[in-house]
2 protein chains.
Amino acid sequence: MKEKIIETSIELFDQKGFKETSVQDIVESIGVTKGTFYYYFKGKEELLGDICLTYIEDLVRQQEQILEDPNKDCTAKLYDIVYMLINNIKTQRRSARIFFREMRHLNELHLQEIKAKRRVFRENYQKLIEEGITKREFKNNPNPDMLTFGILGITNWSYYWFNPEGEVSEEKLAEIYVDLILNGIKKSD
Amino acid sequence: MKEKIIETSIELFDQKGFKETSVQDIVESIGVTKGTFYYYFKGKEELLGDICLTYIEDLVRQQEQILEDPNKDCTAKLYDIVYMLINNIKTQRRSARIFFREMRHLNELHLQEIKAKRRVFRENYQKLIEEGITKREFKNNPNPDMLTFGILGITNWSYYWFNPEGEVSEEKLAEIYVDLILNGIKKSD
């Protein structure tokens, strides 16, 4: 039942917005009583915190699994992370949009916890870039932090427009973006 | 007065959200009557449409000015657009966030108009990439549309984190991102 409540709320929050969705809307959608809802969650805010935390924790977990692989170089790990993020859209697009859009409605405690996880994700990414620079797979760059934000932007933005059912597959898009990140678009002389 | 209403609303919509801000909140903030508000706008939705439309029209106008320059090659125009977008953050961050976040609250007519302008901005960008490919400044690429979304993501994302008062200037960030887009991060053998 908890899963069902979360699933339905993700749909409603994404469609109507967090503020515009009441607990009443959620329980009516499932056909249960408010009592059932409050058995699992203290309130709407806790549920939102749960959705955002699950979303970002899942990404960090997948990312760290990729980074720990001792048999892959930084370039291969970069591809795996880009692919993981794009592949994530199919199942997590709604959660991602709620994450990006509704975070300001979280209470302070949830917000701190979620921002910390988000920071871990970004710092892990930056460490990979820095490791690639040290190992001379990537060019020296005095601003790996800015570079990381830029690289993150490429995939984060895809949550707003990429259609996993469309002509370009997740694999293909990951290839295009890793090629952009690694080699750029300039024609060499 | 119209300008004052728009300015105040941008602040309130960004802070509290569009749905959570009432016309009462807006007029109280300025110290005028609701009558004054309704003299200029039919309602909150029209005001939101106005904010979003002004935001995107201004970007398209600046972009087309850059693209029309007969003395610059595609690489220089790419730099100018990236710089224009990053430079825009200082004054337009709030409008941009409202644009990205609140668009679903627009009425159908506004939404169509704004989406059309947004499409023009993206198509102009894509044409620049394609022209660069034709002129052999950029490498041949079978997916200039996907590439354009990726390049857009780099700068669009910066609205969420870039601090124009921070250590890295707009010029520097534009340089870092144009270098990423042109040359990538891979160390050549």
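This is a short walk through the structure in your viewer, one selection at a time.

**Before you start**

You're looking at a predicted model, where local features need pLDDT of at least 70, side-chain atom pairs count only at pLDDT 80 or more, and totals for chains, interfaces and linings use all residues. Residues are numbered from 1 along each chain as its sequence is written, chains are lettered from A and ligands numbered from 1 in the order in which they are written, and side-chain values use heavy atoms, with hydrogens and water left out.

**Stop 1: the largest cavity**

Select Arg97, Phe100, Arg101 and Tyr160 in chain A, then Arg97, Phe100, Arg101 and Tyr160 in chain B: these residues line the largest cavity. Helix H5 (74–102) of chain A and helix H5 (74–102) of chain B each give two or more residues to that lining. Helices here are DSSP runs (H or I, at least four residues; strands are E, at least two), numbered from the N terminus.

What counts as a cavity? On a 1 Å grid over the protein atoms alone, it's a set of points where a 1.4 Å probe fits but cannot get out, and lining residues have an atom within 4 Å of a point. The largest cavity holds about 70 Å³ of space; a volume is the space filled by probe spheres set on the points, with grid points joined across faces, edges and corners. A search of the whole structure turns up 2 cavities of 30 Å³ or more.

**Stop 2**

Of the 13 residues that line the second largest cavity, pick A:Glu20, A:Arg104, A:His105, B:Glu20 and B:Arg104, the closest to its centre. The lining is made up of 1 nonpolar, 4 polar and 8 charged residues.

**Stop 2: a buried arginine**

Go back to helix H5 of chain A and click on A:Arg93. A salt bridge needs a side-chain nitrogen of Lys or Arg within 4 Å of a carboxyl oxygen of Asp or Glu.

Now show what touches A:Arg93. Leaving aside neighbours within four places in sequence, its contacts (heavy atoms within 4.5 Å) include A:Asn88, A:Tyr159, A:Trp161 and A:Phe162.

**Stop 3: salt bridges**

The structure holds 22 salt bridges over all chains. Select A:Lys117 and A:Glu57, whose side chains meet in one of them (3.6 Å, N to O). This pair links distant parts of the chain, 60 residues apart: A:Lys117 sits in helix H6 of chain A and A:Glu57 in helix H4 (residues 44–68) of chain A. A:Lys117 is partly exposed at 28% relative accessible area, and A:Glu57 is partly exposed at 33%.

Next, pick A:Asp58 and A:Arg61, which form a salt bridge too (2.6 Å, N to O). They're 3 residues apart in helix H4 of chain A, so about one helical turn separates them.

Then hop to chain B, where B:Lys16 and B:Asp25 pair up, their closest N and O atoms 3.0 Å apart. Finish this stop with A:Asp14, A:Arg94, A:Arg97 and A:Arg101, joined into one network by salt bridges that share partners.

**Stop 5**

Find A:Arg136 in the loop between helix H6 (108–134) and helix H7 (144–161) of chain A. Its phi is near 60°, a positive value in a residue other than glycine. Is A:Arg136 buried or exposed? It's exposed, with a relative accessible area of 60%.

B:Arg136 also has a positive phi, about 60°, and is exposed at 61% relative accessibility.

Last, select B:Pro144 in helix H7 of chain B. B:Pro144 is buried, at 12% relative accessible area, and beyond its close sequence neighbours, within four places, it contacts B:Gln126, B:Ile129 and B:Glu130.

Conventions:
1 Å grid on protein atoms, 1.4 Å probe; cavity = no way out; pocket = protein on both sides within 12 Å on 5 of 7 lines; lining within 4 Å. Nonpolar A, V, L, I, M, F, W, Y, C, P; charged D, E, K, R; others polar. Buried < 20%, exposed > 50% of the residue type's maximum accessible area, 1.4 Å probe, protein only.
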